[in-house]
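Subject: Structure for you to look at

Hello,

Here is the structure we talked about passing on. Please open it alongside this message.

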Amino acid sequence: MNPQRKESFIWIGAGAGLLLVLWLLTPILLPFVLGAALAYLGDPLVDRLERLRLSRTSGVVIVFSTITLGSLAAIALLLPLLQQQLQTFLQRLPEYLQWLQETALPTLGVTIPDGGRIDAQSLRELVSDNWEQAGSIARELLSKATQSGGALLTVLVNILMVPVVTFYLLRDWDRLIAWIDGMIPRPFVGKIREIATETDTVLAAFLRGQLTVMAALALIYTTGLWMAGLELALLIGIVAGMVSFVPYLGLIVGLSAAVVAMLFQEQALLPLLWVLLVFGVGQILETAVLTPMLVGDRIGLHPVAVIFALLAGGQLFGFVGVLLALPASAGISVLMRHAKQRWLHSPVYVGSDDAPEESPP
């Protein structure tokens with residue numbers, strides 16, 4: 001066998017072995033994936049601060065502190081509100097079930113067998129008697145968790161590792177990119193740099209643009225549902241915004257949950273028009289303004305491809321795979337575009353040894 005070809009097979013085998021090791025290490029990759037994503041998002045900000053004559057370390061400290069304080073402030077602000085909404089839902093759940101069994105289903109002609117009815121009064125008493133004990137139950141669960149040292153240690157390490165990994169990757173990001181560039185085989189460095197630059201553009205459009213769209217939709221849905229008088233506006237609005245990275249999933253999940261919640265809360269059909277109006281306006285803004293302005297058409301992923309990527313990533317690598325699915329798909333889409341151009345210029349496609357001057361339509 002040709003020595004050069006033999007060495008190529010050795011490197012291909014090494015790459016396959018590395019992928020296998022990463023697959024086996026999936027359970028511990030989450031803090032590194034999150035840290036790398038945060039470092040990627042923060043690197044352009046650090047670069048701007050460097051252009052303002054700040055050192056790399058000073059810029060990293062400023063950006064890192066801003067991200068950390070912003071995350072802590074958001075958690076401190078949202079958690080009490082979400083807890084309050086969850087408390088409201090649990091306290092009114094018996095009323096919802098009673099209305100559903102005694103009014104809504106009979107109106108629709110649905111008869112519930114006696115054995116299938118839920119005792120709303122008993123459920124109300126159960127919630128009322130145990131809600132005040134929720135704090136002591138949480139403390140008991142925390143006590144049990146601390147006794148399971150291994151599981152608790154794993155959770156704490158994962159939480160603490162994210163900011164540590166983010167800080168060091170953000171500080172050494174440019175050197176890491178330069179090192180990777182230096183490892184590229186020289187005959188292919190030009191083409192790989194071209195693909196890498198295009199992939200970076202696509203990833204930036206996805207990560208920064210899509211995260212902004214998700215936050216904007218969460219704000220639109222929450223504000224609109226709050227103005228419509230829905231008690232669970234914050235909870236439903238945030239969930240709808242968070243899952244909107246899958247095309248139409250945020251609309252379907254948010255609209256379904258809001259319609260059910262409003263129907264239970266008001267027990268009338270007219271308020272549902274306000275819910276439909278809120279999600280209609282949100283969908284129009286997403287389609288006509290937010291996505292074209294913040295994301296554009298640079299990703300080019302079909303909705304079916306997005307769903308397949310999420311399911312495949314989750315199947316192969318669990319939650320880490322779900323996080324990596326869409327960025328990886330964006331990179332693969334760049335490779336597919338280059339492969340398409342090469343195919344359209346290949347002798348196999350055009351039927352001769354002469355490549356055409358322009359791509360066929």
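The model is predicted: local features need pLDDT of at least 70, side-chain atom pairs count only at pLDDT 80 or more, and totals for chains, interfaces and linings use all residues. Residues are numbered from 1 along each chain as its sequence is written, and side-chain values use heavy atoms, with hydrogens and water left out.

The chain overall

The protein chain has 13 helices and zero strands (DSSP runs numbered from the N terminus: H or I of at least four residues for helices, E of at least two for strands). Of its 361 residues, 27% count as buried (buried is under 20% relative accessible area, exposed over 50%, partly exposed in between, with a 1.4 Å probe and protein chains only). Taking contacts between residues at least 6 apart in sequence, 67% join residues at least 24 apart (contact means heavy atoms within 4.5 Å).

Seven of the ten residues of α9 are buried, namely A233, L234, I236, G237, I238, A240 and G241.

Helix α8 (residues 189-227) packs against helix α9 (residues 233-242) at an angle of about 155 degrees, with the axes 7 Å apart (axes are lines fitted to C-alpha atoms over the stretch in contact, and angles run from 0 to 180 degrees between N-to-C directions). The pair is therefore roughly antiparallel (angles over 145 degrees). On the α8 side, the residues that meet α9 include M214, Y221 and W226. This contact of α8 with α9 has twelve nonpolar, three polar and no charged residues (Ala, Val, Leu, Ile, Met, Phe, Trp, Tyr, Cys and Pro are nonpolar, Asp, Glu, Lys and Arg charged, the others, Gly among them, polar).

α9 also packs with helix α10 (residues 249-266), at about 165 degrees and with axes 8 Å apart, so these two are roughly antiparallel as well. I236, V239 and A240 of α9 touch G250, V253, G254, A257, A258 and A261 of α10. The classes here are seven nonpolar, two polar and no charged.

Q83

Q83 lies in helix α3 (residues 56-107). Why does Q83 count as exposed? Because its relative accessibility is 54%. The C-alpha atoms of Q83 and L235 are 9.2 Å apart, although 152 residues separate the two along the chain.

Regards

Notes: Angles under 35 degrees count as roughly parallel, over 145 as roughly antiparallel, 65 to 115 as roughly perpendicular and the rest as oblique.
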